Amino acid sequence: MSHVAYVNGRYLPQKQASVHIEDRGYQFADAVYEVTCIWNGLPVDHAAHMRRLRRSLSELRIAMPCSEAALTAITREVVRRNRVTRGTVYLQVGRGVAVRNHSFPAKPVKPSLVIVAKHGAGPTESVAQAGVKVLAQPDIRWGRVDIKSIGLLPNALAKQAAVEAKAFEALFVTPSGTVTEASASNAWIVTKDKALVTHPLSTEILGGVTRDTVLRLAKAAGYEIQERPFSLAEALAAKEMFLTGTTTFVMPVVRVNERPIANGSPGSVSLDLRQRYIAYVNALDERAWAVDAPR
Ligand code: PDD
């Protein structure tokens with residue numbers, strides 16, 4: 001089946017879809033994006049993704065390309081036309097097309113909008129049950145990674161290094177030894193007394209939508225939560241470690257580089273949170289498309 005993409009006002013077979021060579025996203029990474037999981041045909045945390053999109057755009061002073069209701073309608077249509085029941089939707093908004101010049105176009109141009117969908121929602125359950133390896137990598141990213149910009153070269157390089165080391169993800173570590181997050185997911189550890197620790201929201205991490213949902217589910221389940229930085233040394237000595245993200249849900253980490261975490265098998269807290277998250281996405285209904293869904 002050929003894929004259908006939405007590009008600046010038109011639904012096109014993906015093979016025929018293209019963008020202008022002077023799109024500022026292409027030249028300056030002057031664009032932001034969202035990836036939303038589609039589970040049983042429904043979006044996971046759609047309203048939260050819309051909120052983060054609005055925030056990223058506002059931080060860069062890019063206008064919303066259309067209303068959230070219109071964005072939702074287009075997203076639904078892309079999901080429908082591609083018959084995605086389990087997969088992801090990728091939405092990218094850029095400042096638009098202008099003759100190359102670092103500063104913003106003097107006369108604002110129309111923001112560009114691309115939405116595509118992909119079949120397949122992340123790693124299999126057997127991967128999660130076995131747990132994964134991560135590779136520590138220097139965090140060489142810019143100072144505003146809270147903005148979900150498409151400028152992902154450091155993430156791509158780190159992930160490539162991970163793949164070459166047969167690891168599932170790259171774990172970003174600052175020069176002072178702090179674990180910020182992973183190349184496309186947030187990082188957590190579980191302490192000896194079962195407290196959950198994850199880096200606080202700041203300009204140094206992306207505020208993951210899954211991170212936020214897992215925080216809520218964990219609080220409701222009575223876990224103690226500490227939103228504070230933790231070091232690589234603390235992670236290596238932790239009881240458990242796991243990742244959260246749109247494409248990974250809750251993913252137990254059993255190895256950092258060549259060092260096992262605890263006994264090298266997925267921890268009970270990680271697996272419990274994964275089950276709670278899966279129960280949460282399985283319980284979604286049509287209200288999942290509402291842009292004002294309460295959290
Ligand atoms: N990445 N941190 C980074 C750097 C990310 O790129 C992502 C998501 C996350 C997790 O955020 P969320 O829970 O909202 O997916 C954390 C997406 C999936 C991507 O780039 O494909």
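Q: Which residue in the turn of the hairpin formed by E3 and E4 has a positive phi?
A: Asn40 has a positive phi of about 50°, and the hairpin leaves 2 residues between E3 and E4. The model is predicted: local features need pLDDT of at least 70 and side-chain atom pairs 80 or more, while totals for chains, interfaces and linings use all residues. Residues are numbered from 1 along each chain as its sequence is written, and side-chain values use heavy atoms, leaving out hydrogens and water.

Q: What makes E3 and E4 a strand pair, and in which sense do they pair?
A: E3 and E4 are joined antiparallel over 2 bridges. Two strands pair if DSSP finds at least two bridges between them, so E3 and E4 qualify. Strands (E, at least two residues) and helices (H or I, at least four) are DSSP runs numbered from the N terminus. Leu42 of E4 is the bridge partner of Trp39.

Q: Over how many bridges do E3 and E5 pair?
A: The antiparallel pairing of E3 and E5 runs over 8 bridges. Leu91 in E5 is the bridge partner of Glu34.

Q: Why are E2 and E4 called edge strands?
A: The open sheet of 6 strands has the order E2-E1-E6-E5-E3-E4, with antiparallel pairing. Strand E2 (10–13) and E4 each pair on one side only. Elsewhere in this sheet, strand E1 (residues 4–7) pairs with strand E6 (residues 112–119) over 2 bridges, and Val114 in E6 is the bridge partner of Val7.

Q: Why is E3 described as largely enclosed by the rest of the structure?
A: Of the 9 residues of E3, 8 are buried, so the description holds. Buried means under 20% relative accessible area, exposed over 50%, and partly exposed in between (1.4 Å probe, protein chains only).

Q: What makes Asn8 partly exposed?
A: Asn8 has a relative accessibility of 44%, so it counts as partly exposed. Asn8 lies in the loop between E1 and E2. Not counting residues up to four places away in sequence, Asn8 touches Pro111, Ser112 and Leu113, where contact means heavy atoms within 4.5 Å.

Q: Why is the pair of Tyr6 and Tyr11 called edge-to-face?
A: A search of the whole structure finds 6 aromatic pairs. In the pair of Tyr6 and Tyr11, the ring centres are 5.1 Å apart and the planes stand at 65°, so the pair is edge-to-face. Rings of Phe, Tyr and Trp (its six-membered ring) pair if their centres lie within 6.5 Å; planes under 30 degrees apart count as stacked, over 60 as edge-to-face and the rest as tilted. Tyr6 is buried, at a relative accessible area of 10%, whereas Tyr11 is partly exposed, at 26%.

Q: How do you know that the span of H2 is close to the expected one?
A: Helix H2 (residues 46–60) has 15 residues and reaches 21 Å from its first C-alpha to its last, close to the 21 Å expected at 1.5 Å a residue. That expected span is 1.5 Å times one less than the number of residues.

Q: Against which elements do the buried residues of H2 pack?
A: They pack against strand E3 (31–39), strand E4 (42–43), helix H3 (68–81), strand E5 (87–94) and helix H6 (209–220). Among the buried residues of H2 are Met50, Leu53 and Leu57. Just after H2, Arg61 takes a positive phi of about 55°.
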